[in-house]
Amino acid sequence: MEFSAKLDNLQQRAADAKTAAQAAVSESREQLRQRIDQAKVDADLAAKDARQQVGEAATRARSKWAQMKADAAARMDDFDAKMDRRADQLDAKVAASQADGAEADAADAIDFAAWTVDNARLAVLDAIDARVYADELAQQAGS
């Protein structure tokens, strides 16, 4: 399996997220809403893909990673609900409290992403090691 391309894609997605966050700081609320709407569309597509992969993975008995993807999709659904509730709030204190919560959620998501990357690195190295070992055994058996 080619892991480099997947890791390159992950790196590009992280760079895109960083660029979007940096640009969003200086945007108007309307521009932010448009950016959020596009991010929600992108996340919904990723969640659909994750749900599909969960179904496929379940049949292949890869429950640990499948569950992580399902949890991520559920977090996206929760994010949508929070965004909808925020739009209905008019109180400044409530809005400030929700902003604090949203910032904490963002920090937690970044921490989770870092943890996921660390686990992906370990899984990739383990997969490469397993393939090298299998190839060595196959070569020994053929000798």
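Together with Leu 10 and Val 117, Leu 7 makes a nonpolar surface patch of about 220 Å².

Before going further, a word on provenance: this is a predicted model, in which local features need pLDDT of at least 70 and side-chain atom pairs count only at pLDDT 80 or more, while totals for chains, interfaces and linings use all residues. Residues are numbered from 1 along each chain as its sequence is written, and side-chain values use heavy atoms, with hydrogens and water left out.

Patches are made of residues with over 30% relative accessible area and no salt bridge, joining like charges within 9 Å and nonpolar side chains (Val, Leu, Ile, Met, Phe, Trp, Tyr) within 5 Å. Areas come from the Shrake-Rupley method with a 1.4 Å probe, and for residues only the protein chains shown count as cover.

Now the overall picture. The protein has 4 helices and 0 strands, which reads along the sequence as α-α-α-α. Of its 143 residues, 9% are buried, and the protein exposes about 11100 Å², with carbon and sulfur atoms supplying 56% of that area.

How many salt bridges are there, if we require a side-chain nitrogen of Lys or Arg within 4 Å of a carboxyl oxygen of Asp or Glu? The count comes to 1, and the side chains that meet in this salt bridge are those of Glu 27 and Arg 35, at 2.6 Å from N to O. Glu 27 is partly exposed because its relative accessible area is 21%, and Arg 35 is likewise partly exposed, at 30% relative accessibility.

Finally, Phe 79, which lies in helix 3 (residues 63–87), is partly exposed because its relative accessible area is 34%. Phe 79 and Lys 40 are 39 residues apart in sequence, and their C-alpha atoms are 9.1 Å apart in space.

Note on methods. Helix = DSSP H or I, 4+ residues; strand = E, 2+ residues; numbered from the N terminus. Buried < 20%, exposed > 50% of the residue type's maximum accessible area, 1.4 Å probe, protein only.
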